[in-house]
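User: Please take one part of this structure and look at it closely. Keep the cut-offs in.

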Amino acid sequence: MNKEREKIIIDCDPGTDDALAIILALHSDKIDLKAVCSVTGNGALDTTTKNGLNILALCGRKDIPLYRGSAVALDQKQPATVSAFGDDGLGGYADTILSDKKEEEQNAVDFLVEYINSHPKEITLFAIGPCTNVAKAIRKSPEFAKNIKKLVIMGGAKYTGNMSPVAEYNFWADPQAAHEVLQAGIEDVTMIGLDVTNKIALNCEMREILRLLDTDLSRFIYNITKEGLDDNWKARRKAVSPMHDVLTVAYFIDPSIVEIKPAFIDVVTDGIAKGQSIVDINGHWNNNICNAKYVATVDVNKFYNLFFKEIFNEGINC
Ligand code: RIB
Ligand code: CA
């Protein structure tokens, strides 16, 4: 019997790993990607919007609408963008997938409010860039938060960071937005943080498999992950390329690849620890009240098998 596919929206800042998350979602027969929303992050808003449009076109899905979102964080400041994936957000390869696909006229925040409120408890929302669009939608509509079926966030980190010793980029870029989203009373929230997404970084063997597969898409992924690998090698002598956002979609396809713990999660909005996520397992310090699921570990081999199986129909030995 054919199970109905799960409807999702991806709010993102493509970005190599955002692009890979979109590609994985488009290859899963469990997922029905209804729309993509853009936000400033891995690049300025024009860059992330253009990359989102071109990724959809690359995958032959020009029919999926893309809505342009927020250029600045809730404090009206432009967050510093990440240059880890090259100036064009895709490691210098954005221009290899130019298309004529156009963004929608409606802005992302209005779209999110309208679509999710008219499909109550039907849509899983992925927030894999700064949380600005989602926080604005929550501020705009009192019903919005309760109408989200499930929210999966790539953001935060337990005891680590990539913008400071304690802050991950997406939460750091708009900490007020992350705080408001986490405290909005959304029924089902999963946070996948940097402490776990670091573990699925693409290593040289996995990247070599992409080259060996030798399809247009495998070559594209091989190319856009080069800059991340080079940067990691220069900065910390690690020959791996970041894949953070991909884990949100992989987890959604097969939750058994991760271990989950209930937690109370909040975000430090200012000061020396700006963007730090506080992950209180079982709500130990919060009267045992939890507001989210925290992804605590990932089975890396299962993740890679899922990634290659879904996108290339290849089982791999790792
Ligand atoms: O810290 C990792 C996050 O920041 C990911 O969403 C990645 O795309 C980068 O923007
Ligand atoms: Ca991202």
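Analyst: A pocket is an open set of points on a 1 Å grid over the protein atoms alone, where a 1.4 Å probe fits, with protein on both sides within 12 Å along at least five of seven lines. Its volume is the space filled by probe spheres set on the points, joined across faces, edges and corners. This is a predicted model, with local features needing pLDDT of at least 70 and side-chain atom pairs pLDDT 80 or more, while totals for linings use all residues. Residue numbers run from 1 along each chain as its sequence is written.

The second largest pocket holds about 250 Å³. Its lining (residues with an atom within 4 Å of a point) has 14 residues. Closest to the centre are Asp75, Ala173, Pro175, Thr269 and Lys274. By class, 6 lining residues are nonpolar, 3 polar and 5 charged. Helices α6 (169-173) and α7 (175-182) each give at least two residues to this lining.

Now the ligand. α6 returns here: α6 and α1 (16-27) each supply at least two residues of the shell around ligand 1. That shell (a heavy atom within 4 Å) counts 13 residues, with Asp17, Asn42, Asn162, Glu168 and Asp245 the closest. Its classes are 4 nonpolar, 4 polar and 5 charged.

Oxygen atoms of ligand 1 make polar contacts (N or O pairs within 3.5 Å). A polar side-chain atom of Asp245 sits 2.6 Å from a ligand oxygen. For a backbone N or O atom of Ile128, the distance is 3.0 Å. For a side-chain N or O atom of Asp13, it is 3.3 Å. Alone, ligand 1 exposes 280 Å² (Shrake-Rupley, 1.4 Å probe), and the protein buries 98% of that.

Note on methods
Chains are lettered from A and ligands numbered from 1 in the order in which they are written. Side-chain values use heavy atoms; hydrogens and water are left out. Helices (H or I, at least four residues) and strands (E, at least two) are DSSP runs, numbered from the N terminus. Ala, Val, Leu, Ile, Met, Phe, Trp, Tyr, Cys and Pro count as nonpolar, Asp, Glu, Lys and Arg as charged, and the others, Gly among them, as polar. A polar contact is a pair of N or O atoms within 3.5 Å; within protein, one must be able to donate a hydrogen and the other to accept it, and residues adjacent in sequence count only if both atoms are side-chain atoms.
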